[in-house]
Amino acid sequence: MHEKAASSSNRTSAEGMARVVQLLMSSSADLNLQDVNGCSPLHQAILSENDQVFNLLLKQSSLNLEIKDKKGRTPLWLALTVPDEKINPDDEDSVAARLSQAGASPDSIETSSGDSLLHLAATQSRQNAGLFLAGHGAEPNVTNKLGETPLHGACRSGLITLVSKLLHCGANPNIQTTETEELKQKLSERRKTRLETKAEARRKAIAIATELQNQKLQEALAAEEMEKRKKRGSSTTASEPRSEYIPNDSFEADLGINNPFMESDEQPVSPPDLKNPFFDDLRAAAAASAVARGDANPFDPPAQVEERSRRQSEKQHKGISEPRKEFTETEIEELILEHNLYDESLNSLVVDCHGKTPLHYSIIEKHENVINCFKEFDDMVSSGGRLNLAPDFDICDSEEQSALEHALLTAQYRLAESILEAGANIDLQDSQGCSLMLKTIQRKDVPSALFLIEHGADINVRTKENQSVLQLAISHRLQPVVDSLCKNGADPNVADEYGNCPLWTAMKSKQFGIAETLVSHGCNTNVWHKGPNNCIQSLLHRAIHEKDEDAGCFVIKCKCDINSPRRPSTDGTGGVEAWDGLTPLHLACMAGLDKIVQFLVQENAQVNIQDSEGRGPIHVSILSGHPIPTQLLLGHPELNLTLEDRTGQTPFAVALDTKDHKSAEAILSREPNAAERYDKKGRNYLHRAILGGNVEKVLFLISVSANIHIPVQDSSLITPLHLAVQAGSEIIVRHLILAGANVNAMDKHKKTPLHEAADNDRANVLAILIQNGVNVSEVDNKNNNALHLAVQQGHINSVRELLSESSVDATAVNARGQNSLHTLAQYAKDNAGAIFEIFRQNLPNFPINSLDAEENTALLLAYLNGNGRLCRELLKNGSTLSAVNKNGISIFNAEVASKKLLFSLLDLLNAEPPWSDGNFCHECSMKFSVTNRKHHCRHCGRLLCAKCSTKQMPILKYELTKPVRVFSRRPKSHRSAVLKAVLEDYSQSQNAKNFLILSSQTVGFNTKLKSQRSEVKSFPAVSQSCVETC
């Protein structure tokens, strides 16, 4: 039967084949038997176009019309596989039509894919076959294993007529494809790729940031090295860093407030004029200061200097020698956008995902006519009268891509316009709240963004980070989009949650083309927003604060406010920034932003405006140590160089305090009297420089012919040389003398610099003054010469210098009639004994027993002031114990806390002391006469009357073996001294017993010997032992 069915009509007659088939069927032949290819006789008849056999078989009730060959083809599908142009969907006499009439199913499903015949017709672009099936009752909404309906296939293939037919037959245009294992795998790979791409972009951004930071570090190190080379190779005056500015009588210091202009960064000192006559001295002073400060010694070998410099450099750059290991997300994102580090393929249309509708397929395949078909059908459905489903143009796939987004991603803008006309929502948002407008800008899709703007997309929508469309376009560097947004009404002044306005965002990222666009559309260059410590600042303030010169210059060129300081916030807060009164010119000078300063000066910023501390921009510039801003301001014709701050400091004073000699010279060239201004204490700059020990400043003032003779304008009237002596600066003293200072100048109290040197123990300065011919005999208003003051203060070095190197008169007396030795004893410093030794060495014949106006000897004054060492030294050198002053006070009757010193002095005597003389008894004060004769105590040398010296005794330590006259009333102190002398003699005697009896009888106190032992216990050990033996 297969053979006869497969026979074509041109080989044998149709009737003959039909009779054979009839005979076979009457013999119970199997009509559904399949050959090796799975074909039944019906398949063969269709393939061979044997119409007689086909009709005969079709009449058999046992014929299976759904049987499939090995290719899965049913007889109906086999009949439709002829060339599509040969199929007439309306021909009811065709093979396919007769099969359908005989009961063949148009919905036969292909098992492996789940495709129906209608699916196959659509996917294989067999439009007529599809029309036939749709017209003969095929189900239009049946889905295959991918979730696709025949409409999906028709849209993909662009079969407009079939699409229209299916829609009219009830096909659902909104059915979405389902997720399969293959799509899941692709989704997983896509996510992995995105994460890897983002991680790679982040890694590259961090690498770029690190490289930029390394470049900045290398530039800083190179600049430092260059500066070091300049210092080593050029004729610079100083290697000292700029000293810290400490204003005199500072208002801030009184309140305990830090100076807002103080900076810790050390700045190099400007070199002076090479013609300066003190040039070499300046260098020497700087070198000495460097050594004192612990910096490199200019006299060290080069290797040591290099090593020390290296260590200092490492210490200085310890905090920045290593690049940052962490960066903010904002910094990383900005670098990613700036360098386009994201893979652009990640922003393309995702096709391999589920949730696609037929509309999506038609857009992907760019079948615009199909879209128009959907649009027409939508219009027809909307007009009413039909129950068909209308196409939903806002359905999104699993990647949240709508039909409109499909059209934009494939650059089909005319198609996108048709979709919008069909009712698509142009502001449709995804699950993250991101609109199509935002997504388009994030993809940097400029044409799509412009399309959306032109078609009325919402330009006020914000990202989840509260970033506006305009700011997002700026951050992604899309100038055409920014321009279009501004033209279509976007607010160019709206700020994000961090207070960043669009103009600042553009300037910060160096997009000045966009910035110009914003300004041309009315962007406010004077917008005020939150700044440091909650103050309110302008864009210019912020640019200066962040040291962004390009941004600052841009807003200046755009005619922003250039004179207003920062303000407090509405609640009155804002920290010191809100009240410091610093204008942009102050801030730019402080930060050393040369370009901004130049632009401000060119735009006529107020150069004499003062901050809350009264400082002008020139004050701040000099304080900050930035030479170029200072030069720019000094060249301004309207600059007021006499402007004083609250502490009375002029720009010249600030230049001196900061060692900015170049600026100081420039100020003097414009204001010659700038160096002669006085502060509230009557001190000019030279006075203050000397008091501060600032050698470099003093030498500079000398070099510019400052008056070195004018005294301080206060009650002291001390000259600069006096001040230099007080400060103890040898180099300043030398240079003042070299410049012509009077070494014998006197202050109000007639003190010369020599007096000051002696009074302050400046021995080295004394030597300098003596070498330069100072008059050592000058006395002050109390008739004290320099030696008086030196011994009065106990300055041993100064005393040595005066006595050994000068011709000072040590015997000269002051207003109290005291010579220098009296003064030494009067003030009784701890080192008075050592000073007396210097006297003895340099003046061996000095009259140590000379009397002052009160007839005090030096020994008596030393005893009254309790200086035992000086008393002993004077006694050893022949000073008398028996002296009595005008008030009748002597060593023996002076009221002192303890007599131990007297005892020790008496014990110190080893020879009969010299006799004193006078007209009265030193004990009872009776006047001597013819009847009351003078006598002396041979033990102490005092002048006594007969009644006070009735007793006699031998004093063996004086080698007086015979009894001699001694003081007889024997006050406790004197009696103890006599007892001690006796016991000392006893300790040296060969017949202690006889000597003790003799001594006891002679002195008359044998009965009281026992009671005296307690007194002797305070004597030295030898006397004590003698008493105990007795």
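Modeller: This is a predicted model, and the structure holds five cavities of 30 Å³ or more. The largest cavity has a volume of about 70 Å³, and the residues that line this cavity are C396, E400, S402, E405, N425, L428, Q429, D430, S435, L436 and K439.

Turning to the nonpolar packing, the largest nonpolar core comprises 229 residues, of which L99, I419, L518, F652, L701, L769 and L802 touch the most other members. At least three residues of this core come from domain 1 (33-182 + 355-386), and at least three come from domain 3 (468-524). If I419 is taken by itself, and residues up to four places away in sequence are not counted, I419 touches I363, I371, F393, A403, L404, A407 and A424. In soluble globular proteins, nonpolar side chains tend to be buried together.

Two backbone details in loops complete the picture. K366, in the loop between α16 (358-364) and α17 (368-382), has a positive phi of about 60° although it is not a glycine, and K366 is exposed, with a relative accessible area of 51%. N783, which is found in the loop between α39 (763-771) and α40 (786-793), likewise has a positive phi of about 60° without being a glycine, while its relative accessibility of 38% makes N783 partly exposed.

How values were computed:
Residues numbered from 1 in each chain as written. Predicted model: local features only at pLDDT ≥ 70, side-chain atom pairs only at ≥ 80, totals over all residues. Heavy atoms only, no water. Core = buried A, V, L, I, M, F, W, Y, C linked by side-chain atoms within 4.5 Å. Buried < 20%, exposed > 50% of the residue type's maximum accessible area, 1.4 Å probe, protein only. Domains from an automatic or database assignment. Contact = heavy atoms within 4.5 Å. 1 Å grid on protein atoms, 1.4 Å probe; cavity = no way out; pocket = protein on both sides within 12 Å on 5 of 7 lines; lining within 4 Å. Points joined across faces, edges and corners; volume = space filled by probe spheres on them. Helix = DSSP H or I, 4+ residues; strand = E, 2+ residues; numbered from the N terminus.
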